[in-house]
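Trainee: Could you walk me through reading a protein model, from the whole chain down to single residues?

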Amino acid sequence: MAEPLKNQYGPDIPRRIAGMIKDVHPSFPEKAFLQAALRGYERLELMDRGRHIAKALGEHLPQSFPTAAKIVVKSMGHKVMPLTDQTERHNEGGGMGAFLFMPHAMFVASYGLDHFEESMAAQYEITQRFTAEFSIRPFIERYPSESLTRLRQWTDDDNHHVRRLVSEGTRPRLPWAGRLRSFQRDPSPVIALLERLKDDPSPYVRRSVANNLNDIGKDHPRLLTDIAARWMKDASPEREWIVRHALRSAVKRGDKAALAVLGFGGKNNIDIKNAKITPKKIPIGGSVVIAFDVANNGKRPARAMVDFAVHFVKANGEAKPKVFKLTALELRAGEAVSISKKVALIPLTTRKHYPGRHAVTALVNGETHPLGAFTLSE
């Protein structure tokens, strides 16, 4: 079992932060700060440890936020070097890398809401060392017009961490963060920013653009496919990648409009044959093999996006499908391709298995094809 991330974010982190602040602000009460930061530290999870340190910073830095923010920023030292396509974010803090600066962002979010300019300046610096994608969201909610104006300016920044903050910080459904409900209702301000970033030279930024569009599509599926279709016109390979990645959730849902954008669908003669599920009865902890043939019975070549779904039985006896990605096929006229996938039925932290009949379906260009079922037993 993997070691919890919080174990890599131990008591040495607040000690390092204290030393960094003491270096640039000699009157910092280092001992009192550490007593507060380490009180109850061991029982906290990762994010709560960051908040706990941020609270201790707020209690022991100067009460003037503009003054405190300048100290925090100065204590972080040099900016990270720009990333290449292959490198990861600067490993400033050891095993947890730039997470060393997580409390700095949380400090700004907690204590800087009444100080827009100073907070945005601090987050501009923080995001070049860690990320401000979480801390910027309260400012977007309190100062929507001012924040969008600043984010628009940052789409032209030389540093790709700053440009990535624009797309990542405005995600309506950013993981580990509260949703931006106003952008869920009306994503047009976000889309205007993404339009400026859709051909960004950095893969780091382009991935964030795709993830933001994927979020938008969960609330506005037709809007997503309209944007995707427009972006695909005369698209570079890099922009095509953004569109494919942005449509991934829609494709898993079998959204025919999304599949059509990617060139799948329309009238064809694709069929599913020779479905086989083995074994038919499986104990929890075992595995099942799902196999079938995808055949093009037409007289023309055809494209097929092929996935399958297992309808897992839940605790209340109802079944909920989980889609497993398989492959995209280019089938000649009359060609058939065999597909096989082994599914482990081991209990996971994200999925508990329950006994009962589990239906299995193939998904081909958004069309559902029953494959059969297996029975899971305790």
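Mentor: Gladly; we start with the whole chain and then turn to two residues. Keep in mind that this is a predicted model.

Trainee: How many helices and strands does the protein chain have?

Mentor: The protein chain has 16 helices and 8 strands. Its C-alpha trace spans about 80 × 55 × 35 Å along the principal axes.

Trainee: What share of the residues counts as buried?

Mentor: Of the 378 residues, 49% count as buried. The chain exposes about 18700 Å², and carbon and sulfur atoms supply 51% of that area.

Trainee: Now a single residue. Why does S119 count as buried?

Mentor: Buried means under 20% relative accessible area. S119 counts as buried because its relative accessibility is 0%. The residue sits in helix α6, which covers residues 116-126. Leaving out residues up to four places away in sequence, S119 touches F65, V108, G112, L113 and F139.

Trainee: Which side chain of opposite charge is nearest to R137?

Mentor: That is D215, 6.7 Å away. A salt bridge needs a side-chain nitrogen within 4 Å of a carboxyl oxygen, and R137 is buried yet has no salt bridge. R137 belongs to helix α7, residues 137-142. Beyond four places in sequence, its contacts include E168, R171, P172 and L180.

Definitions and conventions
Residues numbered from 1 in each chain as written. Predicted model: local features only at pLDDT ≥ 70, side-chain atom pairs only at ≥ 80, totals over all residues. Heavy atoms only, no water. Helix = DSSP H or I, 4+ residues; strand = E, 2+ residues; numbered from the N terminus. Buried < 20%, exposed > 50% of the residue type's maximum accessible area, 1.4 Å probe, protein only. Contact = heavy atoms within 4.5 Å. Areas by Shrake-Rupley, 256 points an atom, 1.4 Å probe, with all protein chains shown as cover. Lys, Arg positive; Asp, Glu negative; His and termini not counted.
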